[in-house]
Amino acid sequence: MSTNVTEPRTTKSTRAPLSKTGVARLIFLEASQGRIFSVNPDGSDKKVLVSECRIPDGVAIDVEAGHFYWTNMGVPNRNDGSIERVDLDGRNRKTIVPEGGTFTPKQLHLEKETGKLYWCDREGMRVMRSNLDGSKLETLVDSSQGDARPGGDARKWCVGIAVDTDRGQIYWTQKGSDDAEQGRIFRAGIEIPKGENAANRSDIEVLFEGLPEPIDLELDLGNRLMYWTDRGDPPLGNTVNRAPMDADFKKRPAPDILLTHLMEGIGIALDLKGNRMFLTDLAGTVYTARLDGSEKKPVLVVQGNITGVAYVEIP
């Protein structure tokens with residue numbers, strides 16, 4: 001795969017200042033002890049917001065409403081995954097999707113305009129969504145091909161998700177078996193085509209295949225770029241990758257590898273105004289780097305098994 005870097009068109013080389021009343025924070029999830037933390041982007045002022053989670057994995061923030069959502073993977077073979085919500089200060093914890101509503105929910109995306117939560121359900125082999133209150137639970141993609149849930153074929157496991165609100169499309173990853181180079185990235189419309197269902201929809205595109213283990217996804221809609229972590233074997237795995245969202249994928253383009261040497265890379269969050277990204281890995285490190293992959297450095301280390309991460313500017 002290429003290691004050439006495609007520069008975003010409009011990002012700046014320095015950190016954009018916040019407003020006088022804005023506060024930048026990272027929220028990251030730690031699976032081994034079931035906790036959610038808030039920290040300054042430089043790693044200082046670390047606080048525990050939530051504890052006693054059941055293997056938290058994905059996180060999405062609603063700044064205007066003053067709270068964030070997260071997924072609990074639970075025990076994969078028990079169909080006991082859930083989604084919860086809490087205020088940004090850790091108060092008013094509430095279950096949105098109760099245990100059994102989804103098998104093993106992974107990355108989570110908040111689509112504010114229509115009031116929807118989107119997530120991938122790994123052993124459930126599904127891409128799902130609901131209203132912000134957990135109502136109207138829907139399956140948008142069913143990758144099971146008739147397999148019973150929980151599914152044992154990792155090629156069908158849906159993991160990372162992102163939503164292109166401009167074009168009305170969803171993107172997701174299917175990781176494949178460990179280090180097997182079976183990973184794929186897909187795209188489809190947000191809505192199922194008329195007369196079709198989640199299992200037989202005809203609008204699914206395969207954007208990339210043969211990847212080590214693609215995990216979490218993020219989109220830069222302004223520059224039409226997708227970013228993702230990959231936790232497979234080096235040199236192509238344990239990396240952060242980037243590719244144009246509007247490439248001719250029939251020509252099987254190679255993504256740009258932006259940075260390497262993660263230790264089971266999982267979470268990714270973009271600070272587009274600040275020209276930087278934040279990354280997490282299961283070895284317990286939170287990293288920051290520029291959007292081109294340069295200036296990678298650890299923010300926190302030895303933090304347990306870290307999964308999802310989100311960047312937020314709180315008014």
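User: Leaving aside its neighbours within four places in sequence, which residues is T173 in contact with?

Analyst: The model is a predicted one, in which local features need pLDDT of at least 70 and side-chain atom pairs count only at pLDDT 80 or more, whereas totals for chains, interfaces and linings use all residues. Residues are numbered from 1 along each chain as its sequence is written, and side-chain values rest on heavy atoms, with hydrogens and water left out. Taking contact to mean heavy atoms within 4.5 Å, and leaving aside neighbours within four places in sequence, T173 is in contact with W157, C158, V159, G160, R184, I185, P214, I215 and L217.

User: In which strand does T173 lie, and is T173 buried or exposed?

Analyst: Strands here are DSSP runs of E with at least two residues, and helices are runs of H or I with at least four, both numbered from the N terminus; T173 has its place in β13, residues 169–174. Burial is judged by relative accessible area, with buried meaning under 20%, exposed over 50% and partly exposed in between, for a 1.4 Å probe and protein chains only. Because its relative accessibility is 0%, T173 in this scheme is buried.

User: Which backbone oxygen does the side chain of T173 reach, and at what distance?

Analyst: A polar contact is a pair of N or O atoms within 3.5 Å; within protein, one must be able to donate a hydrogen and the other to accept it, and residues adjacent in sequence count only if both atoms are side-chain atoms. I215, which is among the contacts of T173, supplies the partner atom, and the side chain of T173 reaches the backbone oxygen of I215 at 2.9 Å.

User: How many bridges join β12 to β13?

Analyst: Two strands pair if DSSP finds at least two bridges between them. C158 has Q174 of β13 as its bridge partner, and I161 stands opposite W172 in β13. The two strands run antiparallel, and the number of bridges joining β12 to β13 is five.

User: Which residue takes a positive phi in the hairpin of β12 and β13?

Analyst: β12 covers residues 158–164, and seven of its seven residues are buried. The hairpin that β12 forms with β13 has four residues between the strands, and the positive phi, near 70°, belongs to G168.

User: What is the strand order of the open sheet that contains β13, and which strands are at its edges?

Analyst: The sheet is made of four strands with antiparallel pairing, in the order β12-β13-β14-β15. Its neighbouring strands are turned by 15° against each other on average, direction ignored, where axes are lines fitted to C-alpha atoms, for helices over the stretch in contact, and angles run from 0 to 180 degrees between N-to-C directions. Each edge strand pairs on one side only, and these are β12 and β15 (205–211).

User: What radius of gyration does the protein have?

Analyst: The protein has zero helices and 24 strands, and of its 315 residues 57% count as buried. The radius of gyration is taken over C-alpha atoms, and the globule rule is 2.2 Å times the number of residues to the power 0.38. For 315 residues a compact globule would have a radius near 20 Å, which agrees with the value of the protein, 18 Å.
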